[in-house]
Amino acid sequence: MKIATYNVNGVNGRLPVLLRWLKETNPDVVCLQELKAPQENFPEAAIKEAGYNAIWHGQKSWNGVAILSKTEIQELRRGLPGDPEDLHSRYIEAFVNGIVVACLYLPNGNPAPGPKFDYKLGWFERLTIHAAGLLSRNIPVVMTGDYNVMPTELDVYKPERWVDDALFRPETRAAFKKLVDQGWTDAIRKLYPDDTIYTFWDYFRNAYGRDAGLRIDHFLLSPQIEGQLKAAGVDKNVRGWEKTSDHAPVWIELDV
């Protein structure tokens, strides 16, 4: 079973790229972030034609998350609990093929310090509380998406340039570590503990051409499923396509 995550950076504007990638790589389940489309403007018909069922949580201009699957999707929740006033479309969760799949788009948090950074850390804390609840259910869970954090210096090109950025500040990295330390497995790092692997390259300064990237899209696996992890990778070439997202798709393969 192949599960992928992809910050598509505008699902309608990048639809040709998304459909081409789906056709070429054929994942079973896909988590999308940054749809940048209101609920009624999600391209459901095109996704269906490509062979996927879909659930999505849209928002005009910003945010937005979706889960695509070749098989039936049973939605479990949309929106992260803990703050009824938070209207950002950043979290959706479903039961797919016997696995709980959680798709998330964690806030960027810049400029830091400031209100946006406070919101990021608050969202992280809410995610950590909810994740603990998922673990307590003793079921297989895959929690994936754009976490907007580089966990270590290995995950960022020239880390000294990022020390004050919300994606790399000590508070952000500590929040990610606190989450993982609940018992989650970082899939990429389990298979490639020492490799330089990036999932995002800025549009500016030829970042992709120079391979000046960041690893900010992650797969966290619950103990009930981490033993079934067989492969993982980044479809880096997709970042080089025309009119593509600044993220590349990331994927894992599970022996289920």
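Two strands pair if DSSP finds at least two bridges between them. The model discussed here is predicted.

Reader: How many residues lie between β6 and β7 in their hairpin?

Author: Strand β7 covers residues 99-105 and is joined to β6 by 6 bridges. The two strands run antiparallel, and Y91 has L104 in β7 as its bridge partner. In the turn of the hairpin, N97 has a positive phi of about 50°. The number of residues between β6 and β7 is 2.

Reader: Which residue in β6 stands opposite E75?

Author: Strand β5, residues 74-78, runs antiparallel to β6, and 4 bridges join them. One of the facing pairs is R78 with I92 in β6. The residue opposite E75 is A94.

Reader: Which strands stand at the edges of the sheet?

Author: The open sheet has 6 strands with mixed pairing, in the order β5-β6-β7-β8-β10-β9. An edge strand here has a single partner strand, so one of its sides is left without a neighbour in the sheet. The edge strands are β5 and β9.

Reader: Is strand β6 largely enclosed or left open by the rest of the structure, and how many of its residues are buried?

Author: Strand β6 spans residues 91-96. A residue is buried if its relative accessible area is under 20%. Strand β6 is largely enclosed by the rest of the structure, because the buried residues among its 6 number 5.

Reader: What is the relative accessible area of R205?

Author: R205 sits in the loop between α5 (187-191) and α6 (207-210). Together with K158, R161 and R210, R205 gathers in a patch of positive charge on the surface. R205 is exposed, and its relative accessible area is 63%.

How values were computed: Residues are numbered from 1 along each chain as its sequence is written. This is a predicted model: local features need pLDDT of at least 70, side-chain atom pairs count only at pLDDT 80 or more; totals for chains, interfaces and linings use all residues. Side-chain values use heavy atoms; hydrogens and water are left out. Patches are made of residues with over 30% relative accessible area and no salt bridge: like charges are joined within 9 Å, nonpolar side chains (Val, Leu, Ile, Met, Phe, Trp, Tyr) within 5 Å. Accessible areas come from the Shrake-Rupley method with a 1.4 Å probe; for residues, only the protein chains shown count as cover. A salt bridge is a side-chain nitrogen of Lys or Arg within 4 Å of a carboxyl oxygen of Asp or Glu. Lys and Arg count as positive and Asp and Glu as negative; His and the chain ends are not counted. The place of a charge is taken as NZ of Lys, CZ of Arg, CG of Asp or CD of Glu. Buried means under 20% relative accessible area, exposed over 50%, partly exposed in between (1.4 Å probe, protein chains only).
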